[in-house]
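Here is a friendly walk through one protein model, written to be read with the structure open beside you. Take a look at it first, and then we can go through the parts together.

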Amino acid sequence: MLRGGRSVVGRALLRESSRALQVRSVSSLLDGYGENCFKGAVADAYLTKQGLPPGLLKGSEWMTDVATADKVAAGVLEWATENDATVFTHVFQPLGAQGTADKVAGGVLEWAT
């Protein structure tokens with residue numbers, strides 16, 4: 001049946017689907033953001049398994065040694081897979097304030113929160 005160009009069924013479906021839509025506030029978009037971070041005590045637990053000292057990520061010295069950087073990467077990989085990560089990416093961050101040129105080097109650093 002058509003009434004006003006729309007079927008009765010179509011209007012009922014439209015009503016139901018609009019009820020199902022939930023409007024999220026802008027602040028709720030950030031819910032959960034930053035909860036799964038490889039830093040602090042979480043990172044220390046995985047880094048010590050690799051034979052590295054706790055607090056290593058607070059500095060940038062580990063980035064200059066390939067063997068240490070590989071151990072950090074192994075710790076990050078173990079942590080990520082235990083947290084059900086299925087995709088990995090490497091993000092370059094400008095580290096000019098950390099003594100390296102912008103867009104030349106990137107790494108995992110422990111930033112104060």
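This is a predicted model: local features need pLDDT of at least 70, side-chain atom pairs count only at pLDDT 80 or more; totals for chains, interfaces and linings use all residues.

Searching the whole structure turns up two aromatic pairs. One of them joins phenylalanine 38 and tyrosine 46 in a tilted arrangement, with 6.4 Å from centre to centre and 45° between the planes.

Are these two partners buried or exposed? Phenylalanine 38 counts as buried because its relative accessibility is 9%, under the 20% cut-off. Tyrosine 46 has a relative accessibility of 12%, so this residue counts as buried too.

## The chain as a whole

Stepping back, the protein chain contains three helices and two strands. Along the sequence they follow the pattern β-β-α-α-α. The protein chain has 113 residues, and 18% of them count as buried.

What share of the contacts with a separation of 6 or more comes from residues 24 or more positions apart? In this protein chain, such residues account for 40% of those contacts.

## Helix α2 and its two sides

In α2, the buried residues are Gly40, Ala43, Tyr46 and Leu47. Viewed down the axis of α2, these buried residues fall within an arc of 130°, so they line one face of the helix. The other side of α2 carries Ala41 and Lys49, which are exposed. Part of what covers the buried residues of α2 is α3. Just after α2 comes glycine 51, with a positive phi of about 85°.

Valine 42 also belongs to helix α2. With a relative accessible area of 36%, valine 42 is partly exposed. Setting aside neighbours within four places in sequence, valine 42 is in contact with Cys37 and Trp79. Valine 42 and tryptophan 79 are 37 residues apart along the chain, and their C-alpha atoms are separated by 8.5 Å.

## Helix α3, the partner

Helix α3 covers residues 66-82, which makes 17 residues. From its first C-alpha to its last, α3 reaches 24 Å, close to the 24 Å expected at 1.5 Å a residue. Its buried residues are Thr68, Val72, Gly75, Trp79 and Ala80. Looking down the axis of α3, you will find these buried residues within an arc of 130°, so they line one face of the helix. They pack against α2, which spans residues 40-49. After α3 comes aspartate 84, whose phi is positive, near 65°.

## The nonpolar core

Which residues make up the largest nonpolar core? This core has eleven residues: Phe38, Ala43, Tyr46, Leu47, Leu52, Leu56, Leu57, Trp62, Val72, Trp79 and Ala80. Both α2 and α3 take part, and each supplies at least two residues of this core. As a general point, nonpolar side chains tend to be buried together in soluble globular proteins.

Not counting residues up to four places away in sequence, valine 72 touches Leu47, Leu52, Leu56, Leu57 and Trp62.

## Two threonines to compare

Threonine 68 is found in helix α3. Its relative accessibility is 15%, so threonine 68 counts as buried. The side chain of threonine 68 makes a polar contact with the side chain of aspartate 65, at 2.4 Å. Leaving aside neighbours within four places in sequence, threonine 68 is also in contact with Leu52, Leu56 and Trp62.

Where does threonine 64 sit? Threonine 64 lies in the loop between α2 and α3. Threonine 64 is exposed because its relative accessible area is 70%, over the 50% cut-off. The side chain of threonine 64 reaches the backbone oxygen of glutamate 61 at 2.7 Å.

Conventions
Residues are numbered from 1 along each chain as its sequence is written. Side-chain values use heavy atoms; hydrogens and water are left out. Helices (H or I, at least four residues) and strands (E, at least two) are DSSP runs, numbered from the N terminus. The expected span of a helix is 1.5 Å times one less than its number of residues. Buried means under 20% relative accessible area, exposed over 50%, partly exposed in between (1.4 Å probe, protein chains only). The arc is that of the directions from the helix axis to the C-beta atoms. Contact means heavy atoms within 4.5 Å. A polar contact is a pair of N or O atoms within 3.5 Å; within protein, one must be able to donate a hydrogen and the other to accept it, and residues adjacent in sequence count only if both atoms are side-chain atoms. A nonpolar core is a set of buried Ala, Val, Leu, Ile, Met, Phe, Trp, Tyr and Cys residues joined through side-chain atoms within 4.5 Å. Rings of Phe, Tyr and Trp (its six-membered ring) pair if their centres lie within 6.5 Å; planes under 30 degrees apart count as stacked, over 60 as edge-to-face and the rest as tilted.
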